[in-house]
Amino acid sequence: MFVIIFGPPGAGKGTQAARIVQAHPIPQVATGDIFRKNLREGTALGIESKGYMEAGKLVPDELVSKIVADRLQQDDCVAGALLDGFPRSLPQACFLDAWLAERGMAIGLVVHLVVPDSVIVERMGGRRTCTNCGATYHVSVSPTKVQGICDRCGSQVIQRPDDNEATVLTRLATYHEQTSPIVEHYRALGVVADVEGVGSIDRIGDHVIEAITKAFPV
Ligand code: AP5
Ligand code: MG
């Protein structure tokens with residue numbers, strides 16, 4: 001079961017991904033999280049991706065695609081994966097489709113979280129992210145129990161460096177130019193479920209799980 005959780009920056013991909021992997025035994029493969037982990041660890045990949053992330057631009061396709069392919073070859077992805085933040089351009093989508101097809105597999109569902117730009121800018125200003133495990137919070141919608149401390153692992157939560165308003169606007173522009181055309185690519189394959197991404201996190205989560213259950217009946 002290969003599922004893409006798709007939408008603009010701040011659509012709630014990470015928030016909903018955390019719920020999906022609780023309901024379905026597939027790993028979340030989040031390219032942004034992979035880059036941030038590498039950055040914390042000071043690896044060459046982290047250093048190379050830093051400038052792109054801080055500028056709100058896409059890391060080059062070849063680099064991202066190789067990282068995802070390596071990750072999908074690991075044992076825990078044998079039964080599938082939940083892709084969060086990948087693919088993010090048509091070349092990445094074509095790479096992924098070809099990589100899966102070579103192995104007799106395909107994307108079974110793209111959950112498209114639909115959120116207008118005006119909502120995104122407000123959300124990003126209030127987002128806080130754990131420096132250790134990457135858990136996501138919002139200062140008013142889903143705050144930590146203890147201010148500044150991650151509920152899940154007890155580490156510090158901070159504002160992501162790319163969550164300032166100027167970078168968020170660039171990320172949105174990048175999304176509209178390079179990423180959103182992917183929806184039509186997958187719509188033509190009949191695998192897109194549009195889910196309204198504004199409203200309570202729980203209610204959106206119910207709609208996301210419904211879409212997955214419909215696409216992968218037991
Ligand atoms: P990435 O980390 O993937 O960032 P993104 O796509 O911009 O998305 P975000 O993680 O910012 O948002 P999200 O949709 O996960 O929302 P969240 O659940 O946190 O990528 C970062 C960078 O890495 C890119 O800019 C690029 O440079 C690089 N990169 C990554 N992948 C790449 C690729 N494939 N190719 C090239 N470059 C790549 O929610 C946001 C906030 O809203 C939170 O505070 C949350 O609590 C709150 N919230 C969630 N749902 C709701 C709701 N229903 N109501 C109110 N608030 C809500
Ligand atoms: Mg995310």
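Colleague: Which hand is the crossing of H2 and H3, left or right?

Modeller: The crossing of H2 and H3 is left-handed. Keep in mind that this is a predicted model.

Colleague: OK. At what angle do H2 and H3 pack, and how far apart are their axes?

Modeller: The angle is about 120°, and the axes are 8 Å apart. H2 covers residues 31-41 and H3 covers residues 44-55. With that angle, H2 is oblique to H3.

Colleague: Which residues make the contact?

Modeller: From H2 you have Gly32, Ile34, Phe35, Arg36, Asn38 and Leu39. H3 brings Leu45, Gly46, Ile47, Ser49, Lys50 and Met53. Sorted by class, the contact of H2 with H3 has six nonpolar, four polar and two charged residues.

Colleague: Arg36 is on that list. What does Arg36 form a salt bridge with?

Modeller: Its partner is Asp33, and the closest N and O atoms are 2.7 Å apart. Both sit in helix H2, three residues apart, so about one helical turn separates them.

Colleague: Is Arg36 buried or exposed?

Modeller: Arg36 is buried, at a relative accessible area of 18%, because the cut-off for buried is under 20%. Asp33 comes out at 34%, which is partly exposed.

Colleague: And Lys50, over on H3? Which residue does Lys50 pair with in a salt bridge?

Modeller: Lys50 pairs with Glu54, with 3.5 Å between the closest N and O atoms. They are four residues apart in helix H3, so there is about one helical turn between them. Lys50 is partly exposed at 36% relative accessibility, and Glu54 is partly exposed too, with a relative accessible area of 39%.

Colleague: How many salt bridges does the count come to?

Modeller: The count comes to 13 salt bridges. One of them joins the side chains of Glu102 and Arg103, at 3.4 Å from N to O. Glu102 is exposed, with a relative accessible area of 64%, whereas Arg103 is partly exposed at 36%.

Colleague: Which residues are joined into one network by salt bridges that share partners?

Modeller: Arg127, Arg160, Asp162, Asp163 and Arg171 are joined that way.

Colleague: Back to helices. What about H1 and H9, how close do their axes come?

Modeller: The axes of H1 (residues 13-23) and H9 (residues 201-215) come within 10 Å and cross at roughly 50°. H1 and H9 are therefore oblique to each other. As for the hand, H1 passes H9 in a right-handed crossing.

Colleague: Who's touching whom there?

Modeller: On the H1 side, the contact uses Thr15, Gln16, Arg19, Ile20 and Ala23. On the H9 side, Ile201, Asp202, Ile204, Gly205, Val208, Ile209 and Ile212 take part. That contact of H1 with H9 has seven nonpolar, three polar and two charged residues.

Colleague: Last topic, Met1. Where is the place of Met1?

Modeller: Met1 lies in the segment before strand E1, which is 2-6. Met1 counts as partly exposed, at 23% relative accessibility.

Colleague: What does Met1 touch, leaving out residues up to four places away in sequence?

Modeller: Met1 touches His24, Ile26, Ala79, Gly80, Ala81, Ile212 and Phe216. Ile212 is also one of the H9 residues in the contact with H1.

Colleague: And how far apart are Met1 and Arg127 in space?

Modeller: They are 30 Å apart, C-alpha to C-alpha, and 126 residues apart in sequence.

How values were computed. Residues numbered from 1 in each chain as written. Chains lettered and ligands numbered in written order. Predicted model: local features only at pLDDT ≥ 70, side-chain atom pairs only at ≥ 80, totals over all residues. Heavy atoms only, no water. Axes fitted to C-alpha atoms, helices over the stretch in contact; angles between N-to-C directions. Helix = DSSP H or I, 4+ residues; strand = E, 2+ residues; numbered from the N terminus. Parallel < 35°, antiparallel > 145°, perpendicular 65-115°, else oblique. Left-handed = near helix turned anticlockwise from the far one by under 90°. Contact = heavy atoms within 4.5 Å. Nonpolar A, V, L, I, M, F, W, Y, C, P; charged D, E, K, R; others polar. Salt bridge = Lys/Arg side-chain N within 4 Å of Asp/Glu carboxyl O. Buried < 20%, exposed > 50% of the residue type's maximum accessible area, 1.4 Å probe, protein only.
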